[in-house]
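Thanks for making time this morning.

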Amino acid sequence: TNRTFTMIKPDAVKNGHIGSILAMITNAGFKITSLKLTQLTVSDAEKFYAIHSERPFFGELVAFMSSGPIVAAILEKENAVADFRTLIGATNPADAAEGTIRKLYATSMGENAVHGSDSDENAAIEGAFHFAGREQF
Ligand code: ATP
């Protein structure tokens with residue numbers, strides 16, 4: 001069993017999809033071990049996405065991710081990182097498989113409904129970025 005970190009991004013929160021997305025996550029066998037509604041400051045978003053700071057879309061990404069409330073969560077399941085990336089689908093919703101969260105709820109490459117960690121190491125870093133020890137179960 002291991003863990004991944006996810007955010008329901010501002011587009012999906014704004015569009016009323018928190019409940020549907022959390023239901024898909026739990027129905028796929030993930031246990032939610034930390035959960036909150038919060039909002040990133042510009043500085044938080046810059047730190048969270050620092051790895052993308054040289055990419056042409058960085059400014060747009062930071063502005064979008066700090067534009068409204070998000071849901072942050074830590075999820076537990078066997079093979080959590082890879083299985084969650086399968087559940088969310090491709091970064092660009094046009095390429096996302098049928099039945100994936102992004103196919104159903106993403107609006108564009110930038111506004112793509114959810115984040116999922118890309119490695120066990122980043123899952124731990126991203127979870128610790130968002131949750132204090134006493135919020136982790
Ligand atoms: P995430 O890290 O959010 O799970 P990902 O691993 O599928 O997404 P990355 O390539 O790591 O995708 O990009 C991080 C995020 O940056 C994407 O989810 C998307 O919101 C945004 N992004 C990526 N490419 C573009 C682009 N060409 N234009 C606008 N935004 C983009």
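**The sheet and its helices**

What you see here is a predicted model, and in it four strands, paired antiparallel, make up an open sheet whose order is 2-3-1-4. The edges of that sheet are strand 2, residues 31-38, and strand 4, residues 114-116, and because each of them has a single partner strand, one side of each is left without a neighbour in the sheet. From one strand to the next, the twist averages 15 degrees.

Now to the helices. Helix 5, residues 80-88, lies across strand 1, strand 3 and strand 4, and it runs at about 35 degrees to strand 1. Helix 7, residues 120-130, lies across strand 1, strand 2 and strand 3, running at about 55 degrees to strand 1.

Which residues of helix 7 are buried? They are A123, E126, G127 and H130, and, seen down the axis of helix 7, these buried residues fall within an arc of 100 degrees, so they line one face of the helix. In general, an α-helix has 3.6 residues a turn, so residues three or four places apart point the same way. As for what that face meets, the buried residues of helix 7 pack against strand 1, strand 2 and strand 3, and also against helix 5.

Key
Residues are numbered from 1 along each chain as its sequence is written. This is a predicted model: local features need pLDDT of at least 70, side-chain atom pairs count only at pLDDT 80 or more; totals for chains, interfaces and linings use all residues. Two strands pair if DSSP finds at least two bridges between them. Helices (H or I, at least four residues) and strands (E, at least two) are DSSP runs, numbered from the N terminus. Axes are lines fitted to C-alpha atoms, for helices over the stretch in contact, and angles run from 0 to 180 degrees between N-to-C directions. Two residues are in contact if their C-beta atoms, placed from the backbone, lie within 7 Å. A residue is buried if 20 or more other C-beta atoms lie within 10 Å of its own, exposed if 12 or fewer, and partly exposed in between; C-beta atoms are placed from the backbone. The arc is that of the directions from the helix axis to the C-beta atoms.
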